[in-house]
Amino acid sequence: MRESPFWVLAGLLHLCAGQNEEAWTTLNVSVNGRLHADRPFALPCYSIYNGNTVAVDEPACSVVRSNYTSNSIRAATPGAYLNLQGELCLGNPLDECTLNNTVTPAANPTPGTSCNQGSVPSYYIEVEKISDISTALNFTREYRVPLVIKNSGHDYMTRNSQKGALALWMHKLQDLAFHEDYVPKGCATNQSVGCTITTGTGASAGDIQNYAHEHGSTFITGYSPTIAASGGWVLGGGHSVLSPVYGLGADRVVEFKIVTPDGVLRVANQCQHEDLFWALRGGGGGTFGVVIEASHRLEPLMPVAIANIKLPANATADTSLKWIELMARQSLVWGKQGWGGHAAGLYLTYMNPMPAIANLTDGATAAKDSMKTATEFALATGGTSDIEVLPSFLDVWNKYILPGALASAGVTRILATRIIPRKFFEDEAGIAKLMNFMEAAQKLGFHPQNFYCPVGTPFVVEGTTNPKARNVSRPATSVHPAWYDSLWDVSTSLAIPWGASYDQRLQNMTAVTRATLLAEELTGTGGGTYTNEANPFTPNWRASWWGDNYAGLLEVKRKYDPEGLLKCWKCVGFEDEDISSERFSCQGKLQLDVDRNLAGIR
């Protein structure tokens with residue numbers, strides 16, 4: 001027997017005054033029956049759900065346990081999130097529905113344990129049409145139901161989930177279209193932006209990459225096939241291993257189609273709704289409207305050099321610190337040559353599409369010469385070095401990116417990043433400050449072997465990739481300005497272990513936030529933060545994530561969403577008083593306690 005929408009959403013009633021069964025039934029009819037109860041991913045394995053007895057679904061539970069860390073399975077499931085902070089309530093360890101992810105397959109829950117909703121929205125609409133979105137916006141306006149936007153579930157910031165919310169699940173919008181010579185809508189015929197691809201918001205980076213290759217082109221995207229490239233990735237800036245040469249995703253996007261909170265479908269590009277276009281190029285997802293598709297520049301097929309250099313797994317902390325210092329000393333040269341990728345405490349995986357390095361006829365000699373110092377260090381410590389040039393980025397993608405991006409989900413990992421300006425790599429004083437930071441972070445519990453640093457700043461990108469907005473009083477994108485004069489995006493992170501108590505969570509989040517403040521102290525206002533991979537408990541988040549751009553972003557937010565219908569944790573428009581609200585209690589409790597801990601430390 002099909003559950004009544006009103007019964008399923010009974011837990012929402014304290015947030016949504018004036019609702020009744022007829023309202024939910026009408027909403028379901030309006031979206032052609034695509035209103036569904038949102039269930040936690042691990043529910044089939046539990047015999048208790050929100051305190052009520054339910055039947056264990058053994059076949060479904062077996063699938064969940066076997067695929068608990070599967071990126072693709074989670075990305076295709078509305079109630080699943082790749083990062084578990086989207087599922088559980090960070091502020092209440094009892095309010096979650098997770099499995100022990102320390103074993104494979106994931107362990108069955110302890111008998112008598114309740115699967116609780118956590119931060120998984122109570123209901124979702126499987127979006128297929130624009131009218132689904134406008135209907136949901138009207139519903140949340142009338143009944144004040146919190147509304148969130150859920151795509152592939154990659155978000156680290158808990159912006160795509162919310163307790164008691166109605167979610168718009170965008171995964172089914174996967175259309176792809178190739179354009180040889182694209183003129184953004186409303187622009188003059190002489191304002192072509194060249195070869196582009198238009199992708200639905202739900203289209204995955206892996207599918208887009210293959211489609212572009214079939215059309216003789218290369219798509220610049222993030223480092224995982226399940227990223228929804230026209231969703232949160234590009235809206236938050238979108239770095240790539242090829243960004244040093246070709247720019248951020250925000251530099252390369254040429255047009256958005258978006259339903260703004262008033263329910264109107266708008267086209268935003270350099271010729272219309274320019275202010276909204278600017279805000280969407282780095283201002284973050286979940287707050288300015290619901291993007292249904294975006295168009296991005298493509299590059300031709302090109303050879304790509306790959307350097308995959310590894311230290312032995314048993315390398316000491318001292319060896320890792322020396323390795324990090326070596327990479328820091330080489331980074332300015334490597335940056336100018338066009339290398340980008342990932343620098344880490346035990347490895348380096350860099351890629352380079354520049355013809356001087358990515359030469360198919362020289363046996364990778366130029367690439368090997370460029371990486372000679374790193375290779376010699378790794379080999380001297382018992383490590384390995386594999387350097388080659390492959391015919392296309394898709395070849396690099398399939399050989400080096402896909403294998404590590406298949407089963408990395410199902411963990412609770414909080415990131416904290418800081419964009420490091422190039423001046424730190426230009427002289428001994430800068431290198432010394434950077435290494436002092438590494439040693440200070442080590443004292444906070446961040447081991448050098450776990451050091452991780454995406455190298456995806458638009459360092460040598462040509463100015464034509466980042467066209468000037470018509471309003472010359474502000475930059476073309478709304479990402480933190482530090483992106484355009486930096487080399488590294490240093491990441492410190494800590495995982496919250498399965499079964500961790502509240503005190504353990506608080507301890508970890510306090511440590512992450514202390515590292516965040518340490519990194520801000522290192523760079524000063526010259527540095528910034530990647531909003532997609534920021535510490536959600538950052539105290540000075542507006543300046544840290546957007547710098548001087550925040551005031552303009554808030555102006556755009558208030559113009560297109562004057563009622564504040566879309567609100568997510570520390571998105572543009574989030575207010576300090578929201579921290580203490582019931583709506584954000586899962587994050588707010590931790591934030592307040594982290595702040596108290598930091599005040600005590602200071």
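Modeller: Let me begin with a term we will need: a residue is buried when its relative accessible area is under 20%, exposed when that area is over 50%, and partly exposed in between (1.4 Å probe, protein chains only). This is a predicted model, where local features need pLDDT of at least 70 and side-chain atom pairs count only at pLDDT 80 or more, while totals for chains, interfaces and linings use all residues. Residues are numbered from 1 along each chain as its sequence is written, and side-chain values use heavy atoms, with hydrogens and water left out.

Colleague: Thanks! Why is Asp 95 called buried?

Modeller: Its relative accessible area is 12%, and buried means under 20%, so Asp 95 qualifies.

Colleague: How do you know whether Lys 559, the partner of Asp 275 in another salt bridge, is buried or exposed?

Modeller: Lys 559 has 52% relative accessibility, and the cut-off for exposed is over 50%, so Lys 559 counts as exposed. Asp 275, at 15%, is buried. Their closest N and O atoms are 2.8 Å apart, and the pair links helix H10 with helix H18, 284 residues apart.

Colleague: What makes the buried residues of H13 lie on the same side of that helix?

Modeller: They are Ala 374, Thr 375, Phe 377 and Ala 378. They cover an arc of only 165° around the axis, which puts them on the same side of H13; the arc is taken from the directions from the helix axis to the C-beta atoms. What covers them includes strand S14, helix H11 and strand S17.

Colleague: Lastly, why is a group of 64 residues called a nonpolar core?

Modeller: Such a core is a set of buried Ala, Val, Leu, Ile, Met, Phe, Trp, Tyr and Cys residues joined through side-chain atoms within 4.5 Å. The largest one here has 64 residues, and those with the most contacts inside it include Phe 256, Leu 276 and Val 396. Helix H14 gives the most to this core, with six residues.

Notes. Helix = DSSP H or I, 4+ residues; strand = E, 2+ residues; numbered from the N terminus. Contact = heavy atoms within 4.5 Å. Salt bridge = Lys/Arg side-chain N within 4 Å of Asp/Glu carboxyl O.
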